[in-house]
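Q: Hey, I've just opened this one and I'm new to it. Can you walk me through it?
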Amino acid sequence: MSNTDLLEVGCFVGVHGIKGQVKLKSYTEIPESIFDYKDVFLENNNNKITIKLVGKIKQNLICKIENVETRNDAEKYRDLKLFVKRDELPKIKENEYYHRDLIGFHVYNKKRESFGEIISFNDFGAGLLIEVKKENETFYLPMGNDFLEMIDYKQKEVILNLEISFLDN
Amino acid sequence: MSRSIWKGPFVDGYLLKKADVARESGRNDVIKTWSRRSTVMPQFVGLTFGVHNGKKFIPVTISEAMVGHKLGEFSPTRTFYGHTADKKSKR
């Protein structure tokens, strides 16, 4: 299975108690949704594991991994990332997109002036932003509905309604 | 009446003028500003500001929920790379 087929959905951040329970940090919108996926894989060898929700402490979920009964066994899972198959994600509607799908896309405006390549998505509390890289410099651009003009999956391009002068400091 | 209520919200004058021009033009241009101290006013809703964080401009699209906050609150100045303790545990 290639890495592009898998999506990171969480990480074991520590152990809990002496009965082999682990603390899980979930990256899903509703943290408990991580247990809805049929197959969950470990980062190191793509091994499928079965996890069960036991409780919640602050922002972390406490869970039990199948066949892990002691704290020493649980320690082996510390800092390991969890992945699910891309096919298991819900199908998107016409005007929706997964952020991950757009990483690496080139960003242009309507005049075909280049803003660079998307390297990450961020939200600092004031709308969705994309971080683009152009000539070893990075910039943040707005990606809200007011600015997003079109996504071309074939050409791997995102067209924004934005003037290139925005990049000038 | 507390002193801050009595004094009213602070906004840099030039920013208000720029916002008025942008609103009247109807275009969704980004208004670049260094004025992180300015309060978000109700007439800013729908506009997009580029708020400087000391290095670059962070686009901030104003929504109703942001009224009363300062522009600088939405333009982080520091990058979080994780705790040192986390790095140790990965060894």
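Q: Which residues have the most contacts inside the largest nonpolar core?
A: Keep in mind that this is a predicted model. In the largest nonpolar core, the residues with the most contacts are A:Phe12, A:Leu24, A:Ile51 and A:Leu82, and the core has 22 residues.

Q: And which elements give two or more residues to this core?
A: In chain A, those are β1 (6-16), β2 (21-26), β3 (40-42), β6 (60-65) and β7 (81-85). The one that gives the most is β1(A), with four residues.

Q: What does A:Leu24 touch, leaving out residues up to four places away in sequence?
A: Its list includes A:Gly10, A:Cys11 and A:Phe12, along with A:Ile34 and A:Phe35. A:Leu24 also touches A:Ile51, A:Asn60, A:Leu61, A:Cys63 and A:Leu82.

Q: What about another core, how many residues are in that?
A: There is another core of 21 residues, lying apart from the largest one. Among its residues are A:Ile118, A:Phe139, A:Val158 and A:Leu162.

Q: OK, domains. How is chain A divided?
A: Into domain 1, which covers 3-87, and domain 2, which covers 99-168. Their C-alpha centres lie 33 Å apart.

Q: What is A:Gln21 in contact with, neighbours within four places aside?
A: A:Val15, A:His16, A:Val54, A:Ile62, A:Cys63, A:Lys64 and A:Ala74.

Q: Switching to charges: how many salt bridges are there over all chains?
A: The count comes to twelve. One of them joins the side chains of A:Lys56 and A:Glu32, at 3.7 Å from N to O.

Q: Where do A:Lys56 and A:Glu32 lie?
A: A:Lys56 is in strand β5 (residues 51-57) of chain A, while A:Glu32 is in the loop between β2 and β3, so the pair ties together parts 24 residues apart in sequence. A:Glu32 is partly exposed, with a relative accessible area of 29%.

Q: Which residue does A:Glu157 meet in a salt bridge?
A: That would be A:Arg112, with 2.9 Å from N to O. This pair links distant parts of the chain, 45 residues apart: A:Glu157 sits in strand β13 (residues 157-160) and A:Arg112 in the loop between β8 (106-109) and β9 (114-123) of chain A.

Q: Why does A:Glu157 count as buried?
A: Because its relative accessibility is 11%.

Q: Now chain B. Where do B:Arg23 and B:Asp20 lie?
A: Both are in helix α2 (residues 13-25) of chain B, three residues apart, which is about one turn of the helix. B:Arg23 counts as partly exposed at 39% relative accessibility, and B:Asp20 counts as partly exposed at 28%.

Q: Which residues do salt bridges with shared partners join into one network?
A: A:Arg71, A:Glu75 and A:Arg78.

Q: Last one: which residues make the nonpolar surface patch of about 470 Å²?
A: B:Met1, B:Ile5 and B:Trp6. B:Ile5 lies in helix α1 (residues 3-7) of chain B, and B:Ile5 counts as exposed at 59% relative accessibility.

Technical notes:
Residues numbered from 1 in each chain as written. Chains lettered and ligands numbered in written order. Predicted model: local features only at pLDDT ≥ 70, side-chain atom pairs only at ≥ 80, totals over all residues. Heavy atoms only, no water. Core = buried A, V, L, I, M, F, W, Y, C linked by side-chain atoms within 4.5 Å. Buried < 20%, exposed > 50% of the residue type's maximum accessible area, 1.4 Å probe, protein only. Contact = heavy atoms within 4.5 Å. Domains from an automatic or database assignment. Patch = residues over 30% accessible without salt bridge, like charges linked within 9 Å, V, L, I, M, F, W, Y side chains within 5 Å. Areas by Shrake-Rupley, 256 points an atom, 1.4 Å probe, with all protein chains shown as cover. Salt bridge = Lys/Arg side-chain N within 4 Å of Asp/Glu carboxyl O.
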